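I opened this entry to keep track of what I looked up, in the order I looked.

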Amino acid sequence: MAMASSDSQYVTFSLGEEIFAVPVEVVREILDHEDVFKIPHGPDYLLGLRDVRGQGVPIIDLRLKLGMERTVKTEHTRVLVLDVQAGGRALSLGLLADKVFEVTPFRCDQLEQAPDIGTRWNSDYIAGVVRRETGFVVLIDLTQLFGDEAGVIGGQPRLKQSA
């Protein structure tokens with residue numbers, strides 16, 4: 001039996017045919033998809049704001065943020081409301097997912113690094129991948145995906161200091 005300290009819990013969800021996961025400790029709740037309040041001149045992946053228990057939470061189309069096609073709403077579409085530390089501050093945001101599956105444990109020894117494809121590509125948002133019988137699960141590094149360098153919602157681009 002594996003020790004509990006070697007396991008981490010993740011919420012798994014799909015974007016199209018691909019399976020992704022985020023750490024369960026950042027997921028505040030999972031909601032049905034509803035229309036949002038549109039924000040003018042926001043990035044294309046920012047769908048707008050949604051009231052979540054008295055707080056205006058930005059809703060992100062994760063498919064667009066990852067360079068995929070826009071999410072098409074179905075009866076399975078869900079919003080994962082997350083509390084994320086990014087860019088030195090706490091962010092509450094909602095990620096649109098095609099379908100949410102389960103909370104599942106992954107052992108540390110199951111984690112593999114993002115694949116090296118021999119050329120530069122933006123894989124910074126990938127914390128790792130887990131191999132399953134049915135394919136792979138991509139673990140998302142939310143800090144990288146929504147940190148200052150990646151363009152946090154409402155954040156201003158930072159100028160890099162030259163050495």
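My notes below cover a sheet, a pocket and some salt bridges.

I am working from a predicted model. I then checked β2 (residues 18-23) against β11 (residues 135-140): they pair in the parallel sense over three bridges. In that pairing F20 is opposite V138.

I looked up the largest pocket next and noted about 250 Å³ of space. Two or more lining residues come from each of β2, β10 (126-132) and β11, and β11 gives the largest share, four residues. The lining has 16 residues, with E18, I19, F20, F136 and V138 nearest the centre. By type I recorded 11 nonpolar, two polar and three charged residues.

**Salt bridges.** I found eight in the structure and wrote up some of them. D32 and R78 have their closest N and O atoms 3.4 Å apart. D32 is in strand β3 and R78 in strand β6, so this pair ties together parts 46 residues apart in sequence. D98 pairs with R63 at 3.0 Å; D98 is in the loop between β7 and β8, and R63 is in helix α1.

Are D98 and R63 buried or exposed? D98 counts as buried at 14% relative accessibility, and R63 counts as buried at 13%. By contrast, D32 is partly exposed at 47%, and R78 is partly exposed at 24%.

Definitions and conventions. Residues are numbered from 1 along each chain as its sequence is written. This is a predicted model: local features need pLDDT of at least 70, side-chain atom pairs count only at pLDDT 80 or more; totals for chains, interfaces and linings use all residues. Side-chain values use heavy atoms; hydrogens and water are left out. Two strands pair if DSSP finds at least two bridges between them. On a 1 Å grid over the protein atoms alone, a cavity is a set of points where a 1.4 Å probe fits but cannot get out, and a pocket is an open set with protein on both sides within 12 Å along at least five of seven lines; lining residues have an atom within 4 Å of a point. Grid points are joined across faces, edges and corners, and a volume is the space filled by probe spheres set on the points. Ala, Val, Leu, Ile, Met, Phe, Trp, Tyr, Cys and Pro count as nonpolar, Asp, Glu, Lys and Arg as charged, and the others, Gly among them, as polar. A salt bridge is a side-chain nitrogen of Lys or Arg within 4 Å of a carboxyl oxygen of Asp or Glu. Buried means under 20% relative accessible area, exposed over 50%, partly exposed in between (1.4 Å probe, protein chains only).
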